[in-house]
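Welcome, and thanks for taking a look.

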Amino acid sequence: MTLITLLQSSPMLFVCLTIILGLLVGSFLNVVIYRLPIMMEREWFAQCAELRDEAAPENSTFTLSVPRSRCPQCQHAITASENIPVISYLYLGGKCKQCKSKISLRYPLIEALTGLLSGIIAWQFGFDWACLGALLLTWSLIALTFIDVDHQLLPDSITLPLLWLGISFNLFAVYTDLSTSVVGAIAGYLSLWLVFHAFKLVTGKEGMGYGDFKLLAALGAWLGWALLPAIVLLSSLVGAVVGISLIVLRQHQREVPIPFGPYLAAAGWIALVWGQEINTTYLGWVAG
């Protein structure tokens, strides 16, 4: 029996292996979430220096793979045994092996979240091309969520390839047909673009960033235009509840903007997994 046949015939084995894969990917996503904004900032400084006809700032090589991960306090190089998702954090007691400074709980939480969501995707889609695409979308949404939380930024280097990848999958009608995918991408971008300019015209302020337009366009490319209303409604509802709660609990100042990307990402993932059920329930409720 080949491995592919075994995975097709044993859903639980496939789910378990996908969870393990998700944990490993979650460890990599921690690197992406931390390093990608720094890489972008360095590139911006270099471009600004070039435009001013100045020498580019001298920086050491900094990519997703170089330099090696280190403790920010004592610069202790993280070994492979100290980098096992979740397990290493628990074994080390949440502290650096060398200097005993605390390691942020967010690292194992992102790893665990990635593993959990990957397992749900595997269970929902089974051993299929649709599962592969859904995993790629899930991992991208997790990275975008935490980058936006930290920097209020949705990098084009993730959102734009995500858009084209969604259209590419739907060339073969994996999630929806091609025309619905393309219309979804157009409608996703233009809907938030119009809201942005209407809000700016009325208030003189910018209510969201262009990255939000591109993210919704990407979700439209993956899931089609029919699920866009559910995504926007769900993300707006959750965003309003969380935002008001933070202000009431005085955990967030009114004048400080709250990133909208995490709510779009969460709503998009829910629509990916349960979108058809949500649409059916909603339409039945409206008709009733």
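Helix 2 has a kink of about 30° at Arg35, shortly before the proline Pro37. The bend at a residue is the angle between axes fitted to the seven residues ending there and the seven starting there. This is a predicted model, in which local features need pLDDT of at least 70 and side-chain atom pairs count only at pLDDT 80 or more, while totals for chains, interfaces and linings use all residues. Residues are numbered from 1 along each chain as its sequence is written, and side-chain values use heavy atoms, with hydrogens and water left out.

- Helices here are DSSP runs (H or I, at least four residues), numbered from the N terminus.
- Helix 2 covers residues 11–51, and its end C-alpha atoms are 56 Å apart, which agrees with the 60 Å that its 41 residues should span at 1.5 Å a residue; the expected span is 1.5 Å times one less than the number of residues.
- The axes of helix 2 and helix 5 come within 10 Å of each other and cross at roughly 35°. Those axes are lines fitted to C-alpha atoms over the stretch in contact, and angles run from 0 to 180 degrees between N-to-C directions.
- Helix 2 and helix 5 make a right-handed crossing, meaning that the near helix is turned clockwise from the far one by less than a right angle.
- On the helix 2 side, the residues that meet helix 5 include Phe14, Leu21, Leu29, Leu36 and Pro37; on the helix 5 side, Leu135, Trp139, Phe146 and His151 are among them. Contact means heavy atoms within 4.5 Å.

**Two threonines in helices**

- Thr138 belongs to helix 5 (residues 129–151), and its relative accessible area of 1% makes this residue buried. The classes are buried (under 20%), exposed (over 50%) and partly exposed (in between), using a 1.4 Å probe and protein chains only.
- The side chains of Thr138 and Trp269 are joined by a polar contact of 3.0 Å. Such a contact is a pair of N or O atoms within 3.5 Å; within protein, one must be able to donate a hydrogen and the other to accept it, and residues adjacent in sequence count only if both atoms are side-chain atoms.
- Leaving aside neighbours within four places in sequence, Thr138 is in contact with Leu117, Ile121, Trp269 and Leu272.
- Thr159 sits in helix 6 (residues 156–170) and counts as buried because its relative accessibility is 1%.
- Not counting residues up to four places away in sequence, Thr159 touches Leu144, Leu154, Lys214 and Ala218.

**An exposed tryptophan**

- Trp285 is part of helix 10 (residues 261–287) and is exposed, with a relative accessible area of 67%.
- From C-alpha to C-alpha, Trp285 and Ser88 are 48 Å apart in space, and they are 197 residues apart in sequence.

- Most residues other than glycine have a negative phi, and most peptide bonds are trans.
- At 74% relative accessibility, Asp53 counts as exposed.
- The peptide bond from Val66 to Pro67 is cis, with omega near 0°; Pro67 lies in the loop between helix 2 and helix 3 (87–91).
- Gln75, found in the loop between helix 2 and helix 3, has a positive phi near 65°. Its relative accessibility of 46% makes Gln75 partly exposed.
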